[in-house]
Amino acid sequence: MGTRAWALLLVLCGTIFLEGIDVAMMAVAIPTIRSELGLSTGTAAWVMSAYVLGYAGFTLLGGRAADLLGRRRMFLTWLTVFLLFSGLGGFATDGWMLVVARFVTGVAAAFMTPAALSLITTSYEEGPQRNKALLVFAGTAAGGFSLGLVIGGLLTQLGWRWVFFAPVLLAGALLVAAVRLVPAADGAPRVRGGFDLLGAVTAAGAMLLAAYAVVRLEHGLHDWPLTALAVLAAAALGGAFVAVERRAAAPLVRLGILRKGSVVRADLGALLFVGAFFGFQFVVTLYLQELRGWSSLQTAVALVVLGCDAVLAPTLTPKLVARYGNVRVILGGFVLAVVAYGLFLPVGLDWSYAVMFPTLILAGTAFALAYGPLTIAATDGVAEEEQGLAGGLLNTATQFGSAIGISAVTAVYGLASSGFGPEATLSAFRTALTVPVAMVVLGTLVSALSVRADRRAVRSASQVSSVSASQTSANPAQRSGGMASRK
């Protein structure tokens with residue numbers, strides 16, 4: 001890749017880095033924010049959940065909007081919105097201001113991130129060049145989250161408002177660079193026959209309610225009728241969305257893309273892998289801070305090793321993908337994750353960091369092996385005019401995965417808590433750790449299906465090639481025979 005191509009990639013990767021550090025810094029800073037603003041437990045939870053609701057609720061719409069309305073336009077517009085509302089959060093004096101700021105910031109990320117991903121998949125030639133770009137993109141995402149834990153701890157010491165202002169400075173620099181580097185001819189608006197407004201409304205409504213239901217899982221059986229009602233309402237709106245898309249002249253989502261097995265398996269794999277990763281990280285954070293008494297900064301520094309993905313994804317993973325292919329590397333990542341999370345199941349009250357380190361380094365390596373190739377597989381073979389949609393589906397899967405992972409481990413921890421004292425708490429943590437293990441085991445099975453499908457495709461292609469070769473070799477003989485008979 002040339003200098004300009006690398007510069008464009010750095011800008012586009014900068015947005016996923018921005019998203020990663022934003023989420024991680026907030027996770028570290030929320031206890032301090034709650035204390036200084038006097039927020040209730042419910043309001044503090046909504047500050048965290050509002051971002052997830054905004055992101056998960058609109059990412060599918062955001063991905064398709066990039067295809068229909070122009071990727072450059074969506075990228076620059078929503079990067080600006082992200083900048084403005086992150087700044088608004090820094091000036092917040094009450095809980096409702098933080099909730100609004102985080103929700104709109106999540107919506108902005110839902111439009112901005114799929115646009116950045118589709119700009120990568122359409123700006124770099126399919127094959128090794130695009131794969132390398134996507135692996136760098138994936139590595140930057142993990143690096144942003146890991147570094148965000150440390151940066152968030154440092155900035156919170158200076159003052160929690162810097163957790164909001166720091167992303168503003170980074171977003172401003174990215175915006176200035178993007179105006180110069182993102183090509184204007186990324187694709188003109190492609191709206192034909194009008195915009196599918198009804199499809200957009202039903203899709204956003206279904207995704208918002210589904211995200212709300214997932215977030216409510218962390219409450220366990222408390223107010224379960226409300227959770228069930230949200231699930232039923234989301235299902236009803238989802239059914240309405242499918243009905244609308246089947247009849248729309250210019251559908252928001254071409255439902256046929258969901259019949260592409262490789263895309264569906266990649267999205268499901270991403271949901272399970274990211275959900276397990278975030279669920280595991282959440283439980284480990286609680287274990288270190290609540291049970292072991294580590295500070296937020298100590299915890300962040302301890303977990304930074306998970307960010308080894310930022311180094312391995314653009315260096316080791318491309319070589320493995322070139323040699324073994326995406327699906328086998330993905331399967332290897334899942335198997336490594338099963339080993340990593342399984343090693344942590346017997347965690348004790350007095351484990352040293354040296355005992356925890358193998359799990360942490362293996363988990364980070366597993367992320368490097370699986371996440372980037374999953375990103376490639378989720379967009380591979382998809383038509384250029386639907387790359388934004390493919391990116392939206394992938395981001396929807398990862399956001400729901402992270403929400404499911406965190407909510408599920410929280411719910412299981414709550415249900416398993418049956419006593420008081422360190423031993424009872426530790427027992428609940430061990431039970432909650434079975435959730436990420438179960439998710440990566442299921443993901444391993446899905447990945448094995450992908451490997452099987454890949455083998456079938458290779459075998460089928462080989463058979464077709466053999467038949468064509470035999471026909472080609474037979475034709476000259478037939479032509480010779482025909483000429484001989486005429487003689």
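**Reading burial, salt bridges and helix packing**

Mentor: Glycine 127 is buried, with a relative accessible area of 19%; buried means under 20%, exposed over 50% and partly exposed in between (1.4 Å probe, protein chains only). The model is predicted, so local features need pLDDT of at least 70 and side-chain atom pairs pLDDT 80 or more, while totals for chains, interfaces and linings use all residues. Residues are numbered from 1 along each chain as its sequence is written, and side-chain values use heavy atoms, without hydrogens and water.

Trainee: Where does glycine 127 lie?

Mentor: Glycine 127 lies in the loop between α4 and α5; helices are DSSP runs (H or I, at least four residues), numbered from the N terminus.

Trainee: How many salt bridges are there?

Mentor: Side chains of opposite charge can pair when their charged atoms come close. The count here is three, where a salt bridge is a side-chain nitrogen of Lys or Arg within 4 Å of a carboxyl oxygen of Asp or Glu. In one of them, aspartate 22 pairs with arginine 102, with the closest N and O atoms 2.9 Å apart. Aspartate 22 belongs to helix α1 (residues 3-37) and arginine 102 to helix α4, so the pair ties together parts 80 residues apart in sequence. Both aspartate 22 and arginine 102 are buried.

Trainee: Which residues are linked in a network of salt bridges?

Mentor: Arg64, Asp67 and Arg71 form that network. The N to O distance is 3.1 Å between aspartate 67 and arginine 64, and 3.2 Å between the closest N and O atoms of aspartate 67 and arginine 71. Aspartate 67 is buried at 1% relative accessible area, and arginine 64 is buried at 10%.

Key:
Helix = DSSP H or I, 4+ residues; strand = E, 2+ residues; numbered from the N terminus.
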